[in-house]
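Subject: Structure for your review

Dear colleague,

Please find below the structure that I am handing over to you.

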Amino acid sequence: MTWPRIIVHADMDAFYASVEQLDRPELRGKPVIVGFPGARSVVTTASYEARPFGVGSAMPMAQAMRRCPTAVVIEPRFRRYQEVSRQVMDVFARFSPRVEALSLDEAFLDMTGSDGLFGSPEEMCRRIKAAVREATGLAVSVGASSTKFVAKVASDHRKPDGLTVVPPEEVAAFLHPQRVGRLWGVGPKAEERLHRLGLRTIGDVANASRSFLEAELGSLGPHLHRLAWGDDPREVVPDREAKSIGAEVTLEKDVVGAAAIRPHLLAAADKVAMRLRKSGVCARGVRVKLKTADFHLHTRQSTLPRPVDAAQPLYESALRLLAEFPLDQPMRLVGIAAFELGPGASAQGDLFAGPVERRQSALDRAMDDVRARFGAGAVRRASELP
Ligand code: TTP
Ligand code: MG
């Protein structure tokens, strides 16, 4: 089976503790607990040498020290962890332009289409691990699969210093023996609930009927069922674009086809433009989001020739994107997001512009809004009149 997408999840091992062991060689190979030694503080993390004692993140410090009295306790140095994090993220950026950091020490990399450059998914993972080690001296665990969810479970599978590749045809066999707590969206409470329903492994959830899951768990039920079969359409959202201004509506009734979607896009473009101007920024990127009635999110995006904060160019570019979607299914949500944000036209121009120019740019924007509402021919500048 070919890989529809190649998604890698990378997560540093015992991150804060590993940085401490890196900077202080005498701590290497020893149990290290990172946290403030106060009676009411908690463990941020523990080195892998301390973990067999049952010490882990979020545990009260006093309890951790009782469990592992030989551990060296080190106060956290967040600046230093940030610095190392930046080095790690810089390495990831060398492998893909689409990197989504989830915290200081973990990120998704969308490596789709990079096999020509970096080889098989396994080879990609090996290279990423080697590059992180070379840049920082630290170990990172990585997982690769075709979805974010499975890649994340995979990176955790053989920690520390792990490398797990789950090809699409092995997803079910990989997921099904694992405990339900691994499913995204299942915290300790939901896990207990699933146990009470007799569902202990991901395979149990996969083999339960959708109607049973929905009756017992509401909308979480079908969501977990899909995840249990490795079905996770979420895309890697690059950080550069993570800062975005968007507007979306969940429709009262599902709609089918471009003509029914257009008015909602227009309304969304209008809202986004207003929000851009309120924030004093312009956007170069436009993304259209459509969610199908069965909750699959589809997105298409493009870059505009120049930054904008008006509804009309957003709407026009959204219409061009709309033509790229498969539109035969009913849609439940329509949205637009503007990204690649930069200084607003007003901020750029108005710093230097006099009152006449300022009025002119305000007029331009007003005209753009009228065009967006009533069509391109609704208003014209005097200079554009025949
Ligand atoms: P994690 O990646 O969850 O943990 P880790 O890197 O220490 O260990 P693992 O090998 O299992 O990935 O978190 C990254 C860092 O975030 C961790 O080193 C310390 C910090 N952290 C906290 O401060 N409090 C917490 O509760 C957790 C979970 C992490
Ligand atoms: Mg980690």
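This is a predicted model: local features need pLDDT of at least 70, side-chain atom pairs count only at pLDDT 80 or more; totals for chains, interfaces and linings use all residues.

Aspartate 11 belongs to strand 1 (residues 7–12), while aspartate 105 sits in the loop between strand 5 (99–103) and strand 6 (106–110), so the pair ties together parts that are 94 residues apart in sequence. Both aspartate 11 and aspartate 105 are buried. As background, the ideal angles for six octahedral donors are 90 or 180 degrees.

**The chain as a whole**

The protein chain contains 16 helices and 12 strands. It has 386 residues, of which 46% count as buried. Among the contacts in the chain with a separation of 6 or more, 64% are between residues 24 or more positions apart.

**Two helix pairs**

Packed helices are described by the angle between their axes and the distance between the axes. The axes of helix 3 (residues 78–95) and helix 5 (residues 121–136) come within 10 Å and cross at roughly 145°, and the crossing is right-handed. On the side of helix 3, the contact involves Val84, Gln87, Val88, Val91, Phe92, Arg94 and Phe95; they meet Arg127, Ile128, Ala131, Val132, Ala135 and Thr136 in helix 5. By type, the residues of this contact are 9 nonpolar, 2 polar and 2 charged.

For helix 13 (residues 258–279) and helix 14 (residues 311–322), the axes come within 8 Å and cross at roughly 145°. This crossing, too, is right-handed. Helix 13 contributes residues including Ile261, Leu265, Leu266, Ala269 and Leu276, and helix 14 contributes Ala311, Leu314, Tyr315, Ala318, Leu319 and Leu322. The contact of helix 13 with helix 14 comprises 14 nonpolar, no polar and 3 charged residues.

Alanine 311, in helix 14, is buried, with a relative accessible area of 0%.

**An enclosed helix**

Helix 11 (residues 220–228) is largely enclosed by the rest of the structure, because 7 of its 9 residues are buried. The buried residues are Gly221, Pro222, Leu224, His225, Arg226, Leu227 and Ala228. They pack against helix 6 (148–155), helix 7 (171–175), helix 8 (188–196), helix 9 (202–207) and helix 10 (210–217). Just after helix 11, glycine 230 has a positive phi of about 75°.

**Backbone points to note**

Most residues other than glycine have a negative phi, and most peptide bonds are trans. The peptide bond from lysine 159 to proline 160 is cis, with omega near -5°; proline 160 is placed in the loop between helix 6 and strand 8 (163–165).

Alanine 58, although not a glycine, has a positive phi of about 75°. This alanine 58 lies in the loop between strand 3 (45–46) and helix 2 (61–67) and is exposed, with a relative accessible area of 56%. Glutamate 340 likewise has a positive phi, near 50°. Glutamate 340 is in strand 12 (residues 331–343) and counts as partly exposed at 26% relative accessibility.

Yours sincerely

Technical notes:
Residues are numbered from 1 along each chain as its sequence is written. Chains are lettered from A and ligands numbered from 1 in the order in which they are written. Side-chain values use heavy atoms; hydrogens and water are left out. Axes are lines fitted to C-alpha atoms, for helices over the stretch in contact, and angles run from 0 to 180 degrees between N-to-C directions. Helices (H or I, at least four residues) and strands (E, at least two) are DSSP runs, numbered from the N terminus. A crossing is left-handed if the near helix is turned anticlockwise from the far one by less than a right angle, and right-handed if clockwise. Contact means heavy atoms within 4.5 Å. Ala, Val, Leu, Ile, Met, Phe, Trp, Tyr, Cys and Pro count as nonpolar, Asp, Glu, Lys and Arg as charged, and the others, Gly among them, as polar. Buried means under 20% relative accessible area, exposed over 50%, partly exposed in between (1.4 Å probe, protein chains only).
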